[in-house]
Amino acid sequence: MTTKAKKNDKNPALPDPNRIDAAPTKELLIQSLVKDIPLTRAIIDLVDNSVDGARAIRGKKNYKGFFVHLRITKDRFEIEDNCGGMSVEIAREYAFRFGRPSDMPSRLQTSHSVGQFGVGMKRAIFKLGRAFTVESTTNNSHFIVNEDVDAWKVRKDAEGHDVWSFAFTPPVAEGEKQDPKKLGTKITVTRLIPDVAKEMNTDSFLTELSSELAAAHELSIGRGLEMKLNGVAIPKEPSKLFVSTKVQPAKKRFQKTVNKTKIDIVIYAGIYRSRPSKAGGWYVYCNDRLILRADQSAITGWGEKIGERMPKFHPQFARFRGYVFLDCDNPALLPWNTTKTGLDTDSDLYKGAKREMNILGRPVIDFLNDLDREKNRVSKPLHSLVEKMDDDEDAHVLLTDVKRVGAFVSPARKKVEKPDSVDIKYKRPIQEVNVLKKFFAVSKASEVGEKTFDYVYELEG
Amino acid sequence: MAGSGDKIDYNLRPAKQIERKMLSEAFRRLSFFQAVESYRYIGFGSFYFADFKLIHKSLGITDMVSFELESWKRKRFEFNNPFRCVKLRFGHSNDLLKTNWQNRRTILWLDYDSPLDKLCLRDVSFFCNNAVSGSVLLVTVDAQTESEPAKLEQRFSEFKDNVNDDDERERIPFGTTAKNLAGWGTAKVSHKIIMNEIDRVVGERNLLTEENFTFRQLFNFCYSDTARMLTVGGIIYSANEYDKYRACHFARDLKFIRTGSEPYMIDLPRLTFREIRHLDSQLPMSPSKLRAKGINPRELRKYAKLYRWFPSFAEVEM
């Protein structure tokens, strides 16, 4: 209380000689926000907000009827959704803040949300261009924010302090019923950064973005969310694993309670097609948003020894597929970083998940090693088994249809007896060997070798 | 598990025999988890099966598995197998543990006669990852050392290579130098490495499970029949079985229980059979009050500490 009282006592007009200015500059903020995120990921961040909207309304159920449309031209980026919109209250207090205040009332937060850090929208806008319009309609409010980033950057108040606010473009509707057909949010970015505009309008970029969107929001698209990029639907590519009587993927559920909040973890490990070759590895999702895609690095345990020893990723593991889903009411407890491109590998939660991933993944690796060892043999029962599954659509099963909980099942390993003897080869002068031939009463040099070994072994072994 | 079976009759290692008897006495207290005779015992029996004989006879355990590396000596091991209930498994313990592990309370004695190395630690780690609450782990390693400073440096570099895995984190305790391996130092460093490994793996196991396991060290024996040896051991239990662990009261009356880095030295007095009988008739008794003609009081103290487990060997003409 005392510190608060003191603060209030201070007269802002009189500069305090002991005060050191440590306020951030807007330029630093903009630069540091946009520097460490790839363009595709910045755009996916915007889509995350739309998906959160759908989730706020329907939870994890059917998203039919909701859409997210992206339009990219050489002078404009646009994203439009009908996922419920953003209220004036949220816009005024939170959505445009840099970072989400920890005291944000829970009624305004989406449970299991993907948006978490309160930087996604601003970062994407700054990454893309220098002017933007955000227009949003909820069932009882409507607003438009229109800003020029360069003008905002240098805007100061009467005393020369940075102005950290944006302004609504009047009129703002609050507590007035809106047309239910118009619910949703539309963000338009113009005055695009030249390099970005050039890059975004290449076919390779659009293809990559489409593929990343398909992967990142595979689950939401699977629930019926319509996602389009320049009018082209983002493909539905649900993850599948091989399931047959002889091969069954591992599946296990875990629950961890942190600060009285439950975190659910589901892990799958199994095999699938060997192509595309880059598809092998671990897929890690936080609140249904893909964070790591086909990861083949130590981040997901390759070459590590927690719980089980996993080898470094090798092309012979191309059929390996592992899926990890971390879900939590409070997204702050999940181990993702702010760009949602990586994981906080130091978090105990993720370390624990990695241990279980290794334990569930190791038998799959053993199987793939057996499969690889079969390569140069005449009889190839494992090859014919997996190749048959490659072509058998019935053996390709959606993760959500994998019901059995348990470890990976594959044909029992044939025991390969290791030889229990080795050859020893060495040279010695003939004369000396002859002496020992006499001693042991044998005729061949090889017998001298054996006899001398036995002799020493008898005495010293 | 390695080939020291040929070198020395395990029965004739008196300190080792004392250690076995002490351990067996401690195992009796496991009955608060479940009847001791229904535990599973996994050990490295060698040709002599000394531990198997003692544990079967004194505790009544019947689910017993012995790991043997030297599969080419299978016939001889089978011939020496003392009881029908002892199953022999041939191969390396790293593989055998995986294939022979059962989800039941187990006493696992990793009774190596080689110095600590990464393969031993792999077995230790397997136990910590998989053991059921109430299970006991024992690790015996050779802790022999060198006295010459030059050889000690060489020894230290070998020790480091043996203990560290290629791409695993450093296992040598921070600040350890060659000098730390002198005397009983190798035992001390080995003890620290084993306990660090246990703590790390149990910690990892607890990251996601709600069970929350604790490994409590109970044993830290050092003795020297021929070479300097170290046995580290303890019990793993889950948080909800803490009461059972408490009920075992390992430390009560069992003076050889050691929960920290200070070892319990099994130090043998040199006494004749006649002296032993004479002392036995006065025991139990405070060592200072023991009366024996011409025996150094230090030897008397040693004997008073060990007499209950002291083996009696005699040459018998048959």
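**View 1. Salt bridge between B:Lys98 and A:Glu308 in the predicted model.** The side chains of B:Lys98 and A:Glu308 form a salt bridge, with an N to O distance of 3.7 Å. By the rule applied, which sets a limit of 4 Å between such atoms, the interface of chain A and chain B holds 2 salt bridges. Between chain A and chain B, 3 residue pairs are in polar contact, both residues of each pair being at pLDDT 80 or more.

**View 2. The side of chain A that touches chain B.** At least two residues of this side come from each of β10 (250-258) and α10 (348-373) of chain A. The element that gives the most is α10(A), with 7 residues. By residue class, the side of chain A that touches chain B comprises 10 charged, 6 polar and 6 nonpolar residues.

**View 3. Extent of the contact between chain A and chain B.** Chain A contributes 22 residues to the contact and chain B contributes 17 residues. About 1,600 Å² is buried between the two chains. Carbon and sulfur atoms give 43% of that area.

**View 4. Helix α8 of chain A, residues 203-216.**

Key. Residues numbered from 1 in each chain as written. Chains lettered and ligands numbered in written order. Predicted model: local features only at pLDDT ≥ 70, side-chain atom pairs only at ≥ 80, totals over all residues. Heavy atoms only, no water. Helix = DSSP H or I, 4+ residues; strand = E, 2+ residues; numbered from the N terminus. Expected span 1.5 Å × (residues − 1). Contact = heavy atoms within 4.5 Å. Buried area = accessible area lost by both parts, 1.4 Å probe. Polar contact = N/O pair within 3.5 Å; in protein donor to acceptor, adjacent residues only side chain to side chain. Nonpolar A, V, L, I, M, F, W, Y, C, P; charged D, E, K, R; others polar.
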